[in-house]
Structures are given as C-alpha cells and as structure tokens.
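Please look at the sequence and the fold together before reading on.

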Amino acid sequence: MNKPKIVRPEESKPAHALWFDRKKYVTINFMVQKPKDVQVDIQPDKLILCCKNETDDVYYNELHFYDKVQIHDSRERVYDRTINVLLRKMKPDYAWPRLQKDPAKASWISVDFDNWRDWEHEEDEGKEEYDHYVDVSEFSVLSNKIS
C-alpha cells in the first residue's frame with residue numbers, strides 16, 4: 001500500500017503542534033480548526049502533514065523525529081479541532097527529551113503540559129501503592145483474627 005508523496009504547497013504555514021511523551025508512545029496534536037483534505041505520511045524517522053482548515057488556509061508540517069517510530073503501529077485520527085497522531089516508539093521505556101531530531105526548537109511545536117507526566121518512575125509509584133494495599137489488607141486480616 002503505497003501512499004502518494006505529499007508535496008509542500010507553495011503557500012502554506014505550519015500547524016501549531018502540542019506533544020507529550022509516554023512509555024511506548026509519543027502523541028502529537030496538530031491544532032487545526034475543522035481540518036479537511038488531511039494527508040499524513042508517517043515514516044520511521046519523520047512525519048509529513050498537509051491539510052486545510054475551514055477557511056481553506058493550507059497547513060504543512062514536516063517533522064524529523066528525535067528517534068525512530070514503528071510505522072505499522074502508529075496512526076492518526078482527525079477531530080473537529082485537531083489532528084491527533086499517535087506514534088509507537090521503536091525503543092519503549094526511553095524518554096524523548098524533545099520531539100525533533102534537531103535541537104533547535106521550532107516555533108510551532110510546544111509541550112502539552114496538560115498531558116505530560118514523568119512516567120520514568122511510574123512503576124515505582126505503582127509498587128508503593130500496591131505495597132500499601134497489601135499492608136492494609138494484612139492489617140485487616142490480623143485484626144479479624146484477634147477479634
């Protein structure tokens with residue numbers, strides 16, 4: 001299944017993008033009001049997005065990833081105000097310090113702090129909750145035996 005190559009339109013601007021990192025995935029939300037004619041090409045090392053909004057403004061984004069992604073387990077979904085792209089990391093459990101390979105920050109990319117989590121210590125926190133639950137359960141069993 002070969003997708004047609006997306007060519008950069010002569011007059012276009014980049015869509016603003018919000019991104020956040022998880023253990024296995026990186027999520028990018030391109031902010032476009034009522035997107036139409038959406039074309040997304042996800043490659044192992046880059047993504048190309050081209051679309052129009054409700055007033056026919058043309059958006060074009062080309063993004064070279066910080067690290068490689070699995071294209072067959074990555075997908076996009078078009079919503080009323082955004083184009084959501086979910087990228088499966090080639091190396092899970094490895095935090096991306098930035099979205100792009102180039103350390104220079106593009107003006108159209110921002111971190112989505114509403115969805116950002118420091119997931120590197122998630123397992124430890126979950127283990128603490130589990131240990132606390134076990135301690136409470138053991139206490140309940142002991143107090144029932146004493147009564």
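What percentage of the 147 residues in the protein do buried residues make up? Buried residues make up 31% of them, where buried means under 20% relative accessible area, exposed means over 50% and partly exposed lies in between, with a 1.4 Å probe and protein chains only. This is a predicted model, in which local features need pLDDT of at least 70 and side-chain atom pairs count only at pLDDT 80 or more, while totals for chains, interfaces and linings use all residues. Residues are numbered from 1 along each chain as its sequence is written, and side-chain values use heavy atoms, with hydrogens and water left out.

The secondary structure comes to one helix and eight strands, and from the N terminus on the elements run β-β-β-β-β-β-β-β-α. Helices (H or I, at least four residues) and strands (E, at least two) are DSSP runs, numbered from the N terminus. The protein exposes about 10100 Å², of which carbon and sulfur atoms supply 50%; the area comes from the Shrake-Rupley method with a 1.4 Å probe. Among the contacts with a separation of 6 or more, 61% are accounted for by residues 24 or more positions apart, a contact being heavy atoms within 4.5 Å.

Turning to the strands, an open sheet of five has the order 6-7-2-1-8, with mixed pairing; two strands pair if DSSP finds at least two bridges between them. Its edge strands, each of which pairs on one side only, are strand 6 (69–78) and strand 8 (109–111). Within the sheet, strand 1 (residues 16–21) and strand 2 (residues 25–31) pair in the antiparallel sense over six bridges, and tryptophan 19 has isoleucine 28 of strand 2 as its bridge partner. Strand 6 is likewise joined to strand 7 (residues 82–89) by six bridges, and these two run antiparallel. They form a hairpin with three residues between them, and here valine 78 has isoleucine 83 of strand 7 as its bridge partner.

The largest nonpolar core has 24 residues, and those with the most contacts inside it are Ile28, Phe30, Leu47, Leu87 and Leu99. Such a core is a set of buried Ala, Val, Leu, Ile, Met, Phe, Trp, Tyr and Cys residues joined through side-chain atoms within 4.5 Å. Strand 1, strand 2, strand 3 (36–42), strand 4 (46–52), strand 5 (58–64) and strand 7 each supply at least two residues of this core. Leaving aside its neighbours within four places in sequence, leucine 87 is in contact with residues including Tyr25, Val26, Ile28, Ile42, Phe65 and Val69.

The structure also holds two aromatic pairs. Rings of Phe, Tyr and Trp (its six-membered ring) pair if their centres lie within 6.5 Å, and planes under 30 degrees apart count as stacked, over 60 as edge-to-face and the rest as tilted. Phenylalanine 65 and tryptophan 96 form a tilted pair, 6.4 Å centre to centre with 45° between the planes. Because phenylalanine 65 lies in the loop between strand 5 and strand 6 and tryptophan 96 in the loop between strand 7 and strand 8, the pair ties together parts that are 31 residues apart in sequence. Both of these residues are buried. The rings of tyrosine 66 and tryptophan 96 have their centres 6.1 Å apart and their planes at 55°, so this pair is tilted. Tyrosine 66 is partly exposed, with a relative accessible area of 23%, whereas tryptophan 96, at 2% relative accessibility, counts as buried.
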